[in-house]
Amino acid sequence: VSVTNTPTRIQLFKTDKETKQPIAGATFAVWNKAMEESEDQAMGMVETFVTDENGMIELKYLAPGTYCWQEKEVVPGYVLSDEIHEITIDADGRVSGEDVGVIKVQNDFTKMQFIKYDAEKR
């Protein structure tokens, strides 16, 4: 009998909403939902990760449970999303029956309107 032990993997992909291009440098906080109200503060730890040049964060070897992901810092020119994404790893180390759990996050550009100021008309 041959058994292959593969790690639990979760991948987050951050892209531009319009161009679908990856966004590098966005910071996300990740925590275990069951531990967020734990009396033991070490168990409720929140870690931060930054998207790479492919707009990706990959975590491996996570224990079963529900993990929360929230964007904390955006790349200049993009709108910060306060949405919390949840993903659950079952007792077999699978996410929704798959070997790899995937979260896709898209951001809009910051839209600014410039108004020309004419001092003479004032």
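Is Ser96 buried or exposed? In this predicted model, Ser96 counts as exposed, because its relative accessibility of 74% lies above the 50% cut-off.

**The open sheet**
- Three strands form an open sheet in the order β4-β1-β7, and their pairing is mixed.
- The edges are formed by β4 and β7 (100-107), each of which pairs on one side only.
- On average, neighbouring strands of this sheet are turned by 15 degrees against each other, direction ignored.
- Strand β1 (residues 9-16) and β7 run parallel and are joined by eight bridges.
- Leu12 has Ile103 as its bridge partner in β7.

**Thr51**
- Thr51 is located in the loop between β3 (47-50) and β4 (56-60).
- Thr51 counts as buried because its relative accessible area is 4%, under the 20% cut-off.
- A polar atom of the Thr51 side chain lies 2.9 Å from the backbone oxygen of Ile23.
- Beyond its neighbours within four places in sequence, Thr51 is in contact with residues including Leu12, Ile23, Phe28 and Ile57.

**Loop residues with positive phi**
- Tyr61 is found in the loop between β4 and β5 (65-73).
- The phi of Tyr61 is near 65 degrees, a positive value in a residue other than glycine.
- Tyr61 is exposed, with a relative accessible area of 67%.
- Ser96 belongs to the loop between β6 (84-89) and β7.
- For Ser96, phi is near 50 degrees, again a positive value in a residue other than glycine.

Terms used: Residues are numbered from 1 along each chain as its sequence is written. This is a predicted model: local features need pLDDT of at least 70, side-chain atom pairs count only at pLDDT 80 or more; totals for chains, interfaces and linings use all residues. Side-chain values use heavy atoms; hydrogens and water are left out. Helices (H or I, at least four residues) and strands (E, at least two) are DSSP runs, numbered from the N terminus. Buried means under 20% relative accessible area, exposed over 50%, partly exposed in between (1.4 Å probe, protein chains only). A polar contact is a pair of N or O atoms within 3.5 Å; within protein, one must be able to donate a hydrogen and the other to accept it, and residues adjacent in sequence count only if both atoms are side-chain atoms. Contact means heavy atoms within 4.5 Å. Two strands pair if DSSP finds at least two bridges between them. Axes are lines fitted to C-alpha atoms, for helices over the stretch in contact, and angles run from 0 to 180 degrees between N-to-C directions.
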